[in-house]
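Dear colleague,

Please find the structure below, handed over for your own work. My notes on it follow directly after.

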Amino acid sequence: MLELKGISKRYAGEKTFALNRVDLRIMPGEFVAVLGRSGAGKSSLIRCINRLEEPDAGEVVWNGQSITGMNARELRSIRGEIGMVFQHFNLLPRMSVLTNVIAGSFAVMPRWRSLIGAFTREDRTRALSALREVGLEELAKRRVEDLSGGQKQRVAIARVLMQQPTLLLGDEPISSLDAVTAKRVMTYIAGLHIERGITIVLNLHDVAMARAYATRIVGITAGCITFDDTPEQLGEDELRLIYPPDEEDGINILNLERNEVHVSREYN
Ligand SMILES: Nc1ncnc2c1ncn2[C@@H]1O[C@H](COP(=O)(O)OP(=O)(O)OP(=O)(O)O)[C@@H](O)[C@H]1O
Ligand SMILES: [Mg+2]
């Protein structure tokens with residue numbers, strides 16, 4: 001179980017809290033989509049969970065272990081159990097696809113470099129099998145920088161498979177992909193959830209995608225949770241709460257065809 005207890009975060013020089021005493025309990029096997037306007041605190045929430053950002057207050061507990069209380073060594077070890085996918089993939093662009101996937105089995109990114117020569121046959125076999133799962137086995141020797149965005153995100157998912165995490169965090173993993181590719185990547189992420197029972201917490205900008213894949217939706221508004229329920233309970237009124245009208249110009253962005261709240265029929 002993942003538990004956030006009173007997590008607050010305020011960035012240096014900022015007047016307002018990016019996260020304001022957030023409490024959240026996520027049970028094993030849940031697929032949680034986090035929705036909210038730009039600047040609502042979605043990335044801060046995800047990043048405070050594995051301490052890519054340090055929360056100012058509160059505690060994050062994962063399977064009985066306090067992540068917020070961990071020292072650097074313990075943190076490295078726990079990060080091995082927590083997979084992460086990002087909008088801009090966070091791969092090593094000049095390295096091969098295979099090397100990137102194998103790197104997933106090392107909890108510490110800087111350290112794996114020294115290990116490149118020490119990849120075992122088993123590492124390679126497992127990495128190739130992970131690549132096969134995302135349909136990229138043929139591209140194992142290609143440099144990552146020569147791949148399309150959708151292929152890169154599938155490499156990132158293969159890296160997660162290699163890592164065998166029990167929790168996957170994602171910060172807008174499909175935001176820089178076109179609709180068809182995004183759907184394909186979401187299908188792979190959903191596979192991690194359905195076939196392997198991995199607990200998933202993803203920030204998404206696409207409400208329809210969240211509805212289609214998540215078992216639970218958490219809405220954040222100005223650093224506070226304003227919605228937390230099943231996709232079925234997310235109606236127009238709830239969406240208006242999560243995506244409040246812009247105070248400056250009074251325009252309700254829900255009425256605009258902004259990508260941010262893109263409720264397309266395609267995925268329903
Ligand atoms: N490194 C930082 N330094 C200062 N302020 C920051 C930093 N990162 C985020 N913030 C601020 O914290 C608030 C929450 O930002 P966060 O990135 O968590 O939002 P978000 O919901 O992920 O937005 P987006 O949808 O645009 O990615 C915003 O007001 C943002 O300006
Ligand atoms: Mg963000």
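Is Cys 48 buried or exposed? Cys 48 counts as buried because its relative accessibility is 1%, where buried means under 20% relative accessible area, exposed over 50% and partly exposed in between (1.4 Å probe, protein chains only). Cys 224, by contrast, is partly exposed, with a relative accessible area of 30%. The structure holds 0 disulfides, a disulfide being a pair of cysteine sulfur atoms within 2.5 Å.

Some conventions apply throughout. This is a predicted model, in which local features need pLDDT of at least 70 and side-chain atom pairs count only at pLDDT 80 or more, while totals for chains, interfaces and linings use all residues. Residues are numbered from 1 along each chain as its sequence is written, chains are lettered from A and ligands numbered from 1 in the order in which they are written, and side-chain values use heavy atoms, with hydrogens and water left out.

Turning to the strands (DSSP runs of E, at least two residues, numbered from the N terminus), an open antiparallel sheet is formed by 4 of them in the order β2-β1-β4-β5. Its edge strands, each pairing on one side only, are β2 (19-26) and β5 (65-66). Strand β4 (residues 57-62) is joined to β5 in the antiparallel sense over 2 bridges; two strands pair if DSSP finds at least two bridges between them. Trp 62 has Gln 65 in β5 as its bridge partner.

Strand β6 (residues 82-86) is largely enclosed by the rest of the structure, because 5 of its 5 residues are buried. Ile 82, Met 84 and Phe 86 lie on one side, Gly 83 and Val 85 on the other, so that both faces are covered. With strand β7 (residues 167-171), β6 pairs in the parallel sense over 5 bridges, and Val 85 stands opposite Gly 170 in β7.

Ligand 1 has 13 residues around it, of which Ser 38, Gly 39, Lys 42, Ser 43 and Ser 44 come nearest; a residue is near if one of its heavy atoms lies within 4 Å. This shell divides into 3 nonpolar, 6 polar and 4 charged residues. Polar contacts are pairs of N or O atoms within 3.5 Å. A polar side-chain atom of Lys 42 lies 2.7 Å from an oxygen atom of the ligand, and a backbone N or O atom of Gly 41 lies 3.0 Å from one. For a polar backbone atom of Ala 40, the distance to a ligand oxygen atom is 3.2 Å. Taken alone, ligand 1 exposes 630 Å², and the protein buries 63% of that (Shrake-Rupley method, 1.4 Å probe).

With kind regards

Methods:
Polar contact = N/O pair within 3.5 Å; in protein donor to acceptor, adjacent residues only side chain to side chain. Nonpolar A, V, L, I, M, F, W, Y, C, P; charged D, E, K, R; others polar.
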